[in-house]
Amino acid sequence: MADENKPEEEMSPEEQALADEWAAALDEAGADTSQDDIDAMLAGSGKADTQRMPMEEFNHSGGGQQPMAAGDSPNLDVILDIPVTISMEVGNTDITIRNLLQLNQGSVVELDRLAGEPLDVMVNGTLIAHGEVVVVNEKFGIRLTDVISPSERIKKLK
């Protein structure tokens, strides 16, 4: 769909594709628009005419039609199944690439922690707790000894 005032060869393929996408989207939405309206949107002159719709507040029923009452709490069920990565950090150290390349089976790397010191429990790279290694059914586990409060975690982010 090229502009009648503008020959089709003057419009680049990217512009033509973008104009076609806008036209298809507007047709699908049932909007009554002309090519001039599409050209104005592409040119950016239609920004002043655009009205912003207010964001909906979702309540615990998921309907999104009524705002939450003051006593209601948000429904956290929607995030409970999101997977996160949990890792335990025994310690760390800085070494040069030369020493890294010389590592082989049997090499010992000295860490910054003392033996018996608690491990750091990290969730997606954020420290959330400290713990100690335990063995459960012949597998390693960790017993949490100190959980960092949410307010402390937020302070560390700033």
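In the hairpin of strands S2 and S3, two residues lie between the strands, and Asn124 takes a positive phi near 50 degrees. The model is a predicted one: local features need pLDDT of at least 70, side-chain atom pairs count only at pLDDT 80 or more, and totals for chains, interfaces and linings use all residues. Residues are numbered from 1 along each chain as its sequence is written, and side-chain values use heavy atoms, with hydrogens and water left out.

The protein chain contains four helices and four strands. Both kinds of element are DSSP runs numbered from the N terminus (helices: H or I, at least four residues; strands: E, at least two). Along the sequence, the order is α-α-β-α-β-β-β-α. The protein chain has 158 residues, of which 15% are buried. Buried denotes under 20% relative accessible area, exposed over 50%, and partly exposed the range in between (1.4 Å probe, protein chains only). Accessible areas follow the Shrake-Rupley method with a 1.4 Å probe; for residues, only the protein chains shown count as cover. Among contacts with a separation of 6 or more, 25% link residues 24 or more positions apart. A contact requires heavy atoms within 4.5 Å.

Strand S2 spans residues 119-123 and is mostly covered, with four of its five residues buried. Strand S1 (residues 86-89) runs antiparallel to S2, and four bridges join the two. Pairing of two strands requires at least two DSSP bridges between them. Glu89 stands opposite Asp120 of S2. On S3 (residues 126-136), five bridges connect to S2, again in an antiparallel arrangement. Here Val123 has Thr126 in S3 as its bridge partner.

Asp120 belongs to strand S2. Asp120 counts as buried because its relative accessibility is 11%. Arg113 is buried as well. The side chains of Asp120 and Arg113 make a polar contact at 2.4 Å. A polar contact is a pair of N or O atoms within 3.5 Å; within protein, one must be able to donate a hydrogen and the other to accept it, and residues adjacent in sequence count only if both atoms are side-chain atoms. Beyond neighbours within four places in sequence, Asp120 contacts Ser87, Met88, Glu89, Arg113, Leu127, Ala129 and His130.

Two salt bridges are found in the whole structure. The criterion is a side-chain nitrogen of Lys or Arg within 4 Å of a carboxyl oxygen of Asp or Glu. Another is formed by Glu132 and Arg143, whose closest N and O atoms are 2.9 Å apart. Glu132 lies in strand S3 and Arg143 in strand S4 (residues 139-147), so this pair ties together parts eleven residues apart in sequence. Glu132 is partly exposed, at 37% relative accessibility. Arg143 is also partly exposed, with a relative accessible area of 46%.

A nonpolar surface patch of about 470 Å² is made by Val90, Ile95, Leu100, Leu103, Val109 and Leu111. Patches consist of residues with over 30% relative accessible area and no salt bridge; like charges are joined within 9 Å, and nonpolar side chains (Val, Leu, Ile, Met, Phe, Trp, Tyr) within 5 Å. Val90 sits in the loop between S1 and helix H3 (97-101). Val90 counts as exposed, because its relative accessible area is 51%.
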